[in-house]
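Open the structure in your viewer and keep the selection tool at hand. We will go stop by stop, selecting a few residues at a time and looking at what surrounds them.

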Amino acid sequence: MSVSFTKPFLFLAGFLCLISCNKTPNGQMTHISEALQITKLNDHSYIHTSYISLKNGATFPSNGFIYTHANEAFIFDTPATDQATSELIHWLQVDMNININGVVLNHFHDDCIEGIDVFKEKGIATIASSRTKELMLIEGHPAPDQVFDHSLELKLGNKTIENSFFGEAHTTDNIVSYFPKEKILFGGCMIKSLDAKKGNLADANLLEWSNTVSKIGKAYPDLEIVIPGHGDHGDQNLLEYTIQLFKTE
């Protein structure tokens, strides 16, 4: 589920559809500020969680991902606010002494791209699919620096990152990012946390959602960690839950 700041009426619906993003038993959470938390999954993998405020004063969490090797990293989705984005960049560059090679945008909704201006100001490459670029421009956002069509393989040291478009679901442009060495999938808002509701369907393809997630499961049958756009991470059960949630037959 994603929220667009240009569509205020979606905020409440999104909030009601989310579960809280608490620390999981295997995660080590670092509280950076009220705007940003980091959950360490292993020595190379972290979830960044930021918070969007509703008009009623409530907040809800949005997940992104950080993948590191030695003193380099790629980030997947910007935090949901400029403040949290600045704090994430500072934490990596200053506190961790890690260079950020780029940020990959999962899809065009604001909870994935809101901090793009901060990354651009810092000279950090912004990366997205051609579909996402087109939709970002329609919404009045700046274009990403690097664009790919259906897939993009990134290298981080001796590690490979696979960024791929499997089909329409939450949006017409949503991709997933797969990390073979760690058997981790960052699914973004296409993948639902267990017990989550359907969420924001404003730009969804409900007929294809289950089919798209099924393709992902077949492509990556040995997943150990799956990270949704909102809520707690889990394993392959998140894929099956999402498939069943949107099954049309």
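Start by selecting Thr171, which counts as buried because its relative accessibility is 0%; buried means under 20% relative accessible area, exposed over 50%, partly exposed in between, with a 1.4 Å probe and protein chains only. A word on the ground rules: this is a predicted model, where local features need pLDDT of at least 70, side-chain atom pairs count only at pLDDT 80 or more, and totals for chains, interfaces and linings use all residues. Residues are numbered from 1 along each chain as its sequence is written, and side-chain values use heavy atoms, with hydrogens and water left out.

**Around Thr171**

Thr171 sits in the loop between β10 and β11. Element names such as these come from DSSP runs numbered from the N terminus: helices are H or I with at least four residues, strands are E with at least two. Now show the surroundings of Thr171: setting aside neighbours within four places in sequence, it is in contact with His107, Phe108, His109 and Asp203, where contact means heavy atoms within 4.5 Å. Which side chain does the side chain of Thr171 meet in a polar contact? Pick Asp173, at 2.7 Å; a polar contact is a pair of N or O atoms within 3.5 Å, and within protein one must be able to donate a hydrogen and the other to accept it, while residues adjacent in sequence count only if both atoms are side-chain atoms.

**Asp110 and His141**

Next, select Asp110 in helix α3 (residues 110-113). With 4% relative accessibility, Asp110 counts as buried. Display His141 as well, and you will find a polar contact of 3.2 Å between the two side chains, Asp110 and His141.

**The aromatic cluster**

Select Phe65, Tyr67, Phe76 and Phe179 together: they form one aromatic cluster. Rings of Phe, Tyr and Trp (its six-membered ring) pair if their centres lie within 6.5 Å, with planes under 30 degrees apart counted as stacked, over 60 as edge-to-face and the rest as tilted. By this rule there are nine aromatic pairs. Phe65 and Phe76 make a tilted pair, because their ring centres are 6.1 Å apart and their planes meet at 45°. Phe65 belongs to strand β4 (residues 59-69) and Phe76 to strand β5 (residues 72-76), so this pair ties together parts eleven residues apart in sequence. Both Phe65 and Phe76 are buried. Tyr67 and Phe179 are also a tilted pair, 4.7 Å centre to centre with 50° between the planes. This one links distant parts of the chain, with Tyr67 in β4 and Phe179 in strand β11 (residues 176-179), 112 residues apart. Tyr67 counts as buried at 0% relative accessibility, and Phe179 is buried with a relative accessible area of 0%.

**The open sheet**

From β11, widen the view to five strands that form an open sheet in the order β9-β10-β11-β12-β13, with mixed pairing. The edge strands are β9 (151-156) and β13, each pairing on one side only; two strands pair if DSSP finds at least two bridges between them. Zoom in on β9 and β10 (residues 159-164): they run antiparallel and are joined by six bridges. Ser151 stands opposite Ser164 in β10.

**Helix α7**

Finish by selecting Leu238, Leu239, Thr242 and Ile243, the buried residues of helix α7 (residues 237-245). The buried residues of α7 pack against β12 (184-188), α6 (209-219) and β13 (225-228).
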